[in-house]
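This report describes one protein chain, from its overall make-up to a few local details. The sequence and the model are shown first.

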Amino acid sequence: MLLWKDMPMEMGNITNVQEFILEGFPAIQHLGKVLFLVHLLAYLASIAGNAVIMIITCADPRLHTPMYFFLSIFSFLECGVISAVIPKLLVIFLLGKQTISLPACFVQAFVPVFLGAAGFLLIAVMSLDRYLAICKPLHYPTIMNLKTCFLLVTACCALAFPLITGLVVKVSQLPFCGPHVIPHFFCDLGPLIHLSCSDFRSVEMLAFVLTSFILLTSLIITIIAYSNIVVTIMRLPSAREKQKAFSTCSSHLIVLSLMYGSCVFIYVKPKQRNRLDSNREAALVNTVVTPLLNPVIYTLRNKQVHRALRETVCRMKISR
């Protein structure tokens, strides 16, 4: 197979690409209006669900705990990820407008990857928080104070930002002078790298190393934390307590499995060329399915949250 880097090319004949075309889902593009409606409803439901978590966490003093603080931050990150991706997909479905400028493409490439990386690091922190709360309850209030929570969230963002910024800057320095159709529904880094007309192998390997480091570090911490939680639950004397704890953990693990599974499938492989088409379907899981499930699984099934939500609504009605 002839690669762009193998083609003889005079520098004077290179035309820099000024915009890209997002391919979207060409096989089902004829269902554009139906897909627009489905994804619009999913987007609005995701934003509403995550916004509810953030609002009631701030409004109700009983939810001013480390767990709900982390969940509200996670909901904010989820809103950022889907808001960077889904609106453009809706435009593609409704209007068929698939072009995106070069600067806008790199912004769209940066935002979901940075927020997603910070989100996965935050998931590891949330897993450690649950481990301490369940396995070390006597030490938990001392360890997980407000200052520690802020430091952990700051550390997640501070670690993700330079890693992802450096990666996106490296990708932006690649020359794009040939094909400009991105086989995806947003400017993901993998398909973008493969459009370069130079030798992109070093940048592709850098992307593999960085994303693997973030995902696998988060995954290992989460597995260790939940393994210890399961061992602690098994030691509970009451069968009812065991069932309740396993019910909560199993629902959490379903969402975590979807998130980790889809992202590992997309990013944790050194060469992505053979899977660019299947990456689209996997990316939909992270941008449509899990943001929709997270509010339901993590908090909206929680009786404490239901009570806080009802009281918040009542206070709003009284204030009118």
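**Overall make-up**

The model is predicted. The protein chain holds 10 helices and three strands. In sequence order these elements follow the pattern β-α-α-β-α-α-α-β-α-α-α-α-α. The protein chain has 320 residues, of which 44% count as buried. Among contacts between residues at least 6 apart in sequence, 79% join residues at least 24 apart.

**Annotated spans**

An unreviewed UniProt entry lists residues 34-56, 68-94, 106-128, 149-169, 205-233, 245-268 and 283-300 under "transmembrane region".

**Two helix pairs**

Helix 1 covers residues 32-59, helix 2 covers residues 66-95 and helix 3 covers residues 102-135. The table gives the axis geometry for two pairings of these helices.

| Helix pair | Axes come within | Crossing angle |
|---|---|---|
| Helix 1 and helix 2 | 9 Å | roughly 160 degrees |
| Helix 2 and helix 3 | 9 Å | roughly 160 degrees |

How are helix 1 and helix 2 oriented, roughly parallel or roughly antiparallel? An angle over 145 degrees counts as roughly antiparallel, and helix 1 and helix 2 are therefore roughly antiparallel to each other. Helix 1 passes helix 2 in a left-handed crossing. Sorted by class, the residues in the contact of helix 1 with helix 2 are 19 nonpolar, eight polar and two charged.

For the second pair, the axes of helix 2 and helix 3 cross at roughly 160 degrees, which makes helix 2 roughly antiparallel to helix 3. The crossing of helix 2 and helix 3 is left-handed. The contact of helix 2 with helix 3 has 18 nonpolar, four polar and three charged residues.

**A loop residue**

Phe200 lies in the loop between helix 6 (189-193) and helix 7 (201-234). Is Phe200 buried or exposed? Buried means under 20% relative accessible area; Phe200 has 11% relative accessibility, so Phe200 counts as buried. Phe200 and Val171 are 29 residues apart in sequence, and their C-alpha atoms are 8.7 Å apart in space.

Definitions and conventions:
Residues are numbered from 1 along each chain as its sequence is written. This is a predicted model: local features need pLDDT of at least 70, side-chain atom pairs count only at pLDDT 80 or more; totals for chains, interfaces and linings use all residues. Side-chain values use heavy atoms; hydrogens and water are left out. UniProt positions are given in the numbering used here, feature names are shortened, and annotations may be inferred rather than shown by experiment. Helices (H or I, at least four residues) and strands (E, at least two) are DSSP runs, numbered from the N terminus. Buried means under 20% relative accessible area, exposed over 50%, partly exposed in between (1.4 Å probe, protein chains only). Axes are lines fitted to C-alpha atoms, for helices over the stretch in contact, and angles run from 0 to 180 degrees between N-to-C directions. Angles under 35 degrees count as roughly parallel, over 145 as roughly antiparallel, 65 to 115 as roughly perpendicular and the rest as oblique. A crossing is left-handed if the near helix is turned anticlockwise from the far one by less than a right angle, and right-handed if clockwise. Ala, Val, Leu, Ile, Met, Phe, Trp, Tyr, Cys and Pro count as nonpolar, Asp, Glu, Lys and Arg as charged, and the others, Gly among them, as polar. Contact means heavy atoms within 4.5 Å.
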